Number of protein chains: 2
Amino acid sequence: MRLLEERIRKDGVVKEGNVLKVDSFLNHQMDIALFNEMGREWKRLFEGERITKILTIEASGIGIAAVCAQYFDVPVVFAKKSQSINLDGSVYSTRIQSFTHQRVYDVIVSRKYLGPEDRVLVIDDFLANGNAINGLISIIRDAGAELAGVGIAVEKGFQDGGKQLRDAGIRVESLAILESMDASTGEIVFREQE
Amino acid sequence: MRLLEERIRKDGVVKEGNVLKVDSFLNHQMDIALFNEMGREWKRLFEGERITKILTIEASGIGIAAVCAQYFDVPVVFAKKSQSINLDGSVYSTRIQSFTHQRVYDVIVSRKYLGPEDRVLVIDDFLANGNAINGLISIIRDAGAELAGVGIAVEKGFQDGGKQLRDAGIRVESLAILESMDASTGEIVFREQE
């Protein structure tokens, strides 16, 4: 998606260790007009797919998923990163290793909000090694729901999460795929799409 | 706001310990059409206020703030609950005691996204003792920004967070204010507003 690539070039900051900071518009400060354009694009890409629910994970997926859900007219469920006393005990759960925070955490979704009747679009801000997305997919499978596909804002194409998902036959629509980044020059190369 | 009160009566669940579970539409599964109506109502209530930014806190405030920001045409910044290696060191921070999770956590906002030029609307899902909102207000003051007001989905009127804020001259617009709840009968009494 040209608009997102241009925005990453303009406002993204490449840091050592293959870190791309997009917190001025994507995952700390959020540009809601941009999120609307992303929603429009995913709607175009997943046109014709029957989707009943969008699933994301706290925290940075929530804003994107909430705005984009308007184009699908479905509820959003966000997976929670730790047990809250305000959630019933009856949950699907999985463990996810976080690259960003360098720790393992439990992720839960209430059984009430995902079931065999659902056809789910997974939305998240980043895809790198795929740990978070694989955790969400495992929850969808536990629920007996069907996975319609995965919508990602920024995929790190030089890590293998996206390749593994596509090799497993899962439809992944990443709006920008980073082929390489250079922290010394700030140069970013995107993968050509369609 | 009648629509939200009706939804709470229909789908909210009153639990022992003054807990109202609204996770079927507000803070786990999210009804985005409802969030749009909430945004429309806050826009009406804060009409004429110059607002440059919406500030919320992860995780359950983010979806509401992101959808509602569309009515104000401003970016959303969400305060983060723990230091991430992807955030620069240059942050405003405060400590917040969580009623729900019964622990204290650090909350941060990058200095880049809040400053003296900002007039801020704070949005969150719940207001009880006011700890989270007071933490966000302390960050706004540290930034030298101006607080335009606070928009809350559900205020627990029997706890004193809302009263303290209003006594301090802060404009708080809660779309539903709980006067009392009875876990044995499920009865909910709302405060009359305008």
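This is a predicted model: local features need pLDDT of at least 70, side-chain atom pairs count only at pLDDT 80 or more; totals for chains, interfaces and linings use all residues.
The contact between the two chains draws 32 residues from chain B and 32 residues from chain A. On the side of chain B that touches chain A, the elements that give two or more residues are strand E2 (19–21), strand E3 (29–30), helix H2 (32–45), helix H3 (60–68) and strand E5 (76–79) of chain B. The largest share of this side, four residues, comes from H3(B). By residue type, the side of chain B that touches chain A divides into 16 nonpolar, 10 polar and six charged residues.

Strand pairing also links the two chains. Strand E5 (residues 76–79) of chain A is joined to E3(B) by two bridges, and these strands run antiparallel. Within this region, A:Val77 stands opposite B:Gln29 in E3(B).

The largest nonpolar core holds 122 residues, and A:Ala66 and B:Ala66 touch the most other members of this core. When residues up to four places away in sequence are not counted, B:Ala66 touches A:Met30, A:Ile32, A:Phe35, A:Gly63, A:Ala66 and A:Val67 of chain A, together with B:Val76 of chain B.

Attention now turns to the backbone. Most residues other than glycine have a negative phi, and most peptide bonds are trans. In chain A, however, the peptide bond from A:Glu58 to A:Ala59 is cis, with omega near 0 degrees. A:Ala59 lies in the loop between strand E4 (53–57) and helix H3 (60–68) of chain A. In chain B, the peptide bond from B:Glu58 to B:Ala59 is likewise cis, with omega near 0 degrees. The loop that contains B:Ala59 is the one between strand E4 (53–57) and H3 of chain B.

A further backbone feature concerns phi. A:Asp73 is not a glycine, yet has a positive phi of about 60 degrees. This residue, A:Asp73, is placed in the loop between H3 and E5 of chain A. In chain B, a positive phi of about 60 degrees is found at B:Asp73, which is not a glycine either. The loop between H3 and E5 of chain B contains B:Asp73. With 10 other C-beta atoms within 10 Å, B:Asp73 is exposed.

Definitions and conventions
Residues are numbered from 1 along each chain as its sequence is written. Chains are lettered from A and ligands numbered from 1 in the order in which they are written. A nonpolar core is a set of buried Ala, Val, Leu, Ile, Met, Phe, Trp, Tyr and Cys residues joined through C-beta atoms within 7 Å. A residue is buried if 20 or more other C-beta atoms lie within 10 Å of its own, exposed if 12 or fewer, and partly exposed in between; C-beta atoms are placed from the backbone. Two residues are in contact if their C-beta atoms, placed from the backbone, lie within 7 Å. Ala, Val, Leu, Ile, Met, Phe, Trp, Tyr, Cys and Pro count as nonpolar, Asp, Glu, Lys and Arg as charged, and the others, Gly among them, as polar. Two strands pair if DSSP finds at least two bridges between them.
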